[in-house]
Amino acid sequence: MRAATLTDHLSGWPDHRLERLFSLRPDLCHPPVPDFAALAARASTQMSVLRALDGLDRAHLDVLEGMAVLTVLGKPPSTGPDAGPTVALSRLASFLTDGTAPSLSGTAPDEARLAAVSALVHDLAEAALVVEHSAGWRVPVPVAAALGPHPLSFGRTAAALGSEMVLPADREGVLALLGREAVQGDLLSRATAALDALQSSPVARVPEPPGPVHEALLRTGLLVPLGADRPGSAESLAEHPLEAGLAWRHGTAGRTVDPEPPAPPGRAINPALSRNAALAAVGDLLRGAADLLEAMTGGLPTLRSGGVGVRDLKRLADAVGGTPEDVSWLLELLASAGLVILDPDTSIWVPAATVPDWRRSERQVQWEALVAGWLTSGRAPMLGPVPVTSATVGGAASGRALAPDRNRPDAPRLRAAVLEAALEVSDERPSTRLDEAVPDRQRWRGPRQHARSAAFTLPLLAEAERLGLVGAGALTAAGALVAAGRLDEAAAAVGTALPAPLTRVRLQGDLTAVAPGYLDPEVAGRLAAMAEVEGDGTARVYRFSDASLHRALESGSTADELEAYLEDHSEDEIPQSLRYLIRDVARRHGTLTVGAMGAWLRSEDEDLLDVIVADPALAAARLERLAPTVVVAGVGPAALHRMLTEAGHRAGSAPVGAPHDDRPSGSAPRAHAGGGTFPEPVRAVRWSPSEEELAAQIARLRSAPQPAPSGAGTEEAVAVLHQAARQRTEVDLVTVDQRGQRQSRRVVPLAVAGGRVRCLVPDREAETVVPLHRIVSATTV
């Protein structure tokens, strides 16, 4: 079909059909197009057509591919404005059966099937993927080219494959032909099994030399050799011709089109079991995230090639009591939520400045931050496939955490698609298992997309289960709200379902405190300051020791304050052994005192030092008398020298000594905010035009002048060349030379790649190469 024909069709559409077209294919009006000719040209581009095909479900794609097959089989009218092959709806409905219904030459299909196919064809017409003509329906050349060489898993025609053998027209004829060739034992049954396999993949690998089955299929023309797969290979390729596949399927497509998706398979999960599993996963998630942030206080270095090293990951896993695989996933999640960031000055991963606020937040707020980071993360799932690199060892979980080679810009869209499919099958069948239902539904909803993203479906479901969106394999109430885009409501539901945090513990005589559940963050933090945390389950154990109590006293607490706090947050009386330990540690604490100093001041004049220490102008120096002739300061030497000069005291500098810094020693590395560590992902939801934008676009189209009829554009010419190269058919090629003069010749395209087309000129029996930018039009003979 010529581009001018599509322009005529689109210009004749009413406004509501144009609005429907732009809603189905928003890329056609983004950015806005000036006129209908530009709209038709954009609708014929390969990228736009491929994007539209990716949005088709199994039923619509089968109908479109069926029309493409019938177009190849049809005989186009030779003259008239509708020149080109067309397809009738009744013929298409008869063709789209599983092989047991009437064939192409049989009776008309029943009304229900005809109505279903007609509705699907009209849906395709709304997206400008098929066009209606007086003689029937037609598939535009760019759409047929984008479908690929094997629609409905049919091969190319025998003529396109270079075969001159006449093939039977029915299955019985194919069996009879094989029976004359396959005379040995079970060779006939093996050959029929091979033909069944070729109906799902028409291209086969043939060993050298061919086996008896391949030899029989090659002799009968049921397989046509294509040549060697690659130089030096022990195999070659062969293709099953379209005529043979059609005969084997009784003249039908071999599949029945069902406009409704299949019912979700698998058994249902007990809702209570799913709910409890999800709540346990949420508790483990928040506890693991808090422990990991605590263990990362000193930072986590990165490798030169990016990512976290295996040794550092193992050390971190030992510190939190988990596995390296779990720690890797948690690191990715915390980085996506902005709780772990990379210090650009030191190349060290450190907790963000917002971590204290996150720790003090309620559990549903913490969970909401992690889920929001997961939904918008432009990273491939850590539980799924990883790019093959020199650092990849073993399976999927061995990928380096926080490595740049895990960037996947379409990851938010993949997560949204998985959750949408889970919500859809759960609405149809509540509490159904998702590990089978979601892949099946995605395979039906978007078969072209599923072929590229199927490897990520189960890993994303596993991640959703760790987040509590899926419990025991079924979608939870919180997961359904998140899938519907209501994350705030999901967080509120999680907060309501989780038990209230504990504020009291059980003190035991073995110097331990047991928290039989989730402990309030403030209470847990205070206990962790005076005891060592043991265990990684729901019930945490806090063990008191000399070292832990010394740590609490060093933070500024007294023995009476520690005992009072434990009495207020204990279910029982403080055991005598723990009370004695606290008092004994407090009695011994402070025998030695360690302090920090920035500079010292020495003078043999004790009266002068008395005046300096008592000088109010030097109060900020924090002077302290250590000896009659020695005073220490809390600031550095340079600052002390300046303050003494301003107060009227002249002092000299010591000849030896290391330089000092006013900054306290042991300061934590700075965490820089702003600027993402990894590239921003693409938007999870595609852009859709608003009502105002649609009205402005349609008004612009209506006000533009109508273009004069013209030939096929460059995009359609390239699509014609691609299709002709696959079918080995002749085309009339019009080119322009350097002086602008047109030349017309009849050629057979062989290959289109690299901005050039290699073709055979039958008149001269020679090959030639034509640059694509020199081509004006290409028309199939």
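Reader: Contact means heavy atoms within 4.5 Å. Among contacts in the chain between residues at least 6 apart in sequence, what percentage join residues at least 24 apart?

Author: For contacts between residues at least 6 apart in sequence, 65% join residues at least 24 apart. This is a predicted model, in which local features need pLDDT of at least 70 and side-chain atom pairs count only at pLDDT 80 or more, while totals for chains, interfaces and linings use all residues. Residues are numbered from 1 along each chain as its sequence is written, and side-chain values use heavy atoms, with hydrogens and water left out.

Reader: How many helices and strands are in the chain?

Author: The chain has 31 helices and 22 strands. Both are DSSP runs numbered from the N terminus, with helices being H or I of at least four residues and strands E of at least two.

Reader: And what percentage of the residues is buried?

Author: Of the 781 residues in the chain, 44% are buried. Buried means under 20% relative accessible area, exposed means over 50%, and partly exposed lies in between (1.4 Å probe, protein chains only).

Reader: Let us turn to helix packing. At what angle do α13 and α14 pack?

Author: Helix α13 (residues 271-295) and helix α14 (residues 310-320) pack at about 120°, and their axes are 9 Å apart. The axes are lines fitted to C-alpha atoms, for helices over the stretch in contact, and the angles run from 0 to 180 degrees between N-to-C directions.

Reader: Are α13 and α14 parallel or oblique to each other?

Author: They are oblique to each other. Angles under 35 degrees count as roughly parallel, over 145 as roughly antiparallel, 65 to 115 as roughly perpendicular, and the rest as oblique.

Reader: Is the crossing of α13 and α14 left-handed or right-handed, and which residues make the contact?

Author: α13 passes α14 in a right-handed crossing. A crossing is right-handed if the near helix is turned clockwise from the far one by less than a right angle, and left-handed if anticlockwise. On α13 the contact is made by D291, L292 and A295, and on α14 by L316, A319 and V320. By class, this contact of α13 with α14 has five nonpolar, no polar and one charged residues. Here Ala, Val, Leu, Ile, Met, Phe, Trp, Tyr, Cys and Pro count as nonpolar, Asp, Glu, Lys and Arg as charged, and the others, Gly among them, as polar.

Reader: A change of topic: where is R156, then?

Author: R156 is in the loop between α8 (141-146) and α9 (171-181). With 15% relative accessibility, R156 counts as buried. Its side chain makes a polar contact of 2.8 Å with the side chain of E239. A polar contact is a pair of N or O atoms within 3.5 Å; within protein, one must be able to donate a hydrogen and the other to accept it, and residues adjacent in sequence count only if both atoms are side-chain atoms.

Reader: Which residues is R156 in contact with, leaving aside its neighbours within four places in sequence?

Author: With those neighbours left aside, the residues in contact with R156 include P149, L226, H240, R726 and Q727.

Reader: And R622, is it buried or exposed?

Author: R622 counts as exposed, at 52% relative accessibility. R622 lies in the loop between α28 (606-614) and β16 (624-627). A polar atom of its side chain lies 2.3 Å from the backbone oxygen of G634.

Reader: What does the side chain of D343 reach?

Author: The side chain of D343 reaches the backbone nitrogen of D345 at 3.1 Å, and a polar contact of 3.3 Å joins the side chains of D343 and T346. D343 is in strand β7 (residues 340-343) and is buried, at a relative accessible area of 2%.

Reader: Finally, the backbone. Which peptide bond is cis, with omega near -5°?

Author: That is the bond from E208 to P209. A cis peptide bond also joins H30 and P31, with omega about 5°. L152 has a positive phi of about 55° although it is not a glycine, and L402 has one of about 60°. Most residues other than glycine have a negative phi, and most peptide bonds are trans.
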